[in-house]
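Here is a friendly briefing to read alongside the model. Please have the structure open as you go.

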Amino acid sequence: MRCKELRAGLGYSQEQFANLIEMDRSYYASIEVGRRNVSLSNLCKTANGFNMSIAALMTGVTDKTDWSINQRTQ
């Protein structure tokens, strides 16, 4: 996932963002470095914190047009 880049782009510290999405800071930090298998519930919290869908968070594709173009080029 690209959580660190998105969070930094919003100007939040790990602690600020974790508080925003109601998640423990150390747990969120472990997500950023890829040490966690994240539950669907926590993926949803994280995506909502970035105001995007889980699909957009995971793939970097922000809408259906981008997705269909991306699928044709792979």
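Setting aside neighbours within four places in sequence, C3 is in contact (heavy atoms within 4.5 Å) with Y28, I31, E32, T46, F50 and L57. This is a predicted model, where local features need pLDDT of at least 70, side-chain atom pairs count only at pLDDT 80 or more, and totals for chains, interfaces and linings use all residues. Residues are numbered from 1 along each chain as its sequence is written, and side-chain values use heavy atoms, with hydrogens and water left out.

- C3 is found in helix α1; helices here are DSSP runs of H or I with at least four residues, numbered from the N terminus.
- C3 counts as buried because its relative accessibility is 1%; buried means under 20% relative accessible area, exposed over 50%, and partly exposed in between, using a 1.4 Å probe and protein chains only.
- Between C3 and F50 there are 8.7 Å in space, C-alpha to C-alpha, although the two are 47 residues apart in sequence.

**Helix α1 and its two faces**

- Helix α1 covers residues 3–10, and its buried residues include C3, L6 and R7.
- These three cover an arc of only 95° around the axis, which puts them on the same side of α1; the arc is that of the directions from the helix axis to the C-beta atoms.
- An α-helix has 3.6 residues a turn, so residues three or four places apart point the same way.
- On the face turned away from the buried side of α1 sit the exposed residues E5 and G9.
- The partners that the buried residues of α1 pack against are α2 (14–20), α3 (25–32), α4 (40–49) and α5 (54–59).
- Just after α1 comes G11, with a positive phi of about 85°.

**The nonpolar core**

- The largest nonpolar core has 13 residues, and C3, M23, Y28, F50 and L57 have the most contacts inside it; such a core is a set of buried Ala, Val, Leu, Ile, Met, Phe, Trp, Tyr and Cys residues joined through side-chain atoms within 4.5 Å.
- At least two residues of this core come from each of α1, α2, α3 and α4, and α3 gives the most, with 3 residues.
- Beyond four places in sequence, Y28 has contacts that include C3, R7, F17, M23 and F50.

**Cysteines**

- C44 is partly exposed, with a relative accessible area of 35%.
- The whole structure holds 0 disulfides, a disulfide being a pair of cysteine sulfur atoms within 2.5 Å.
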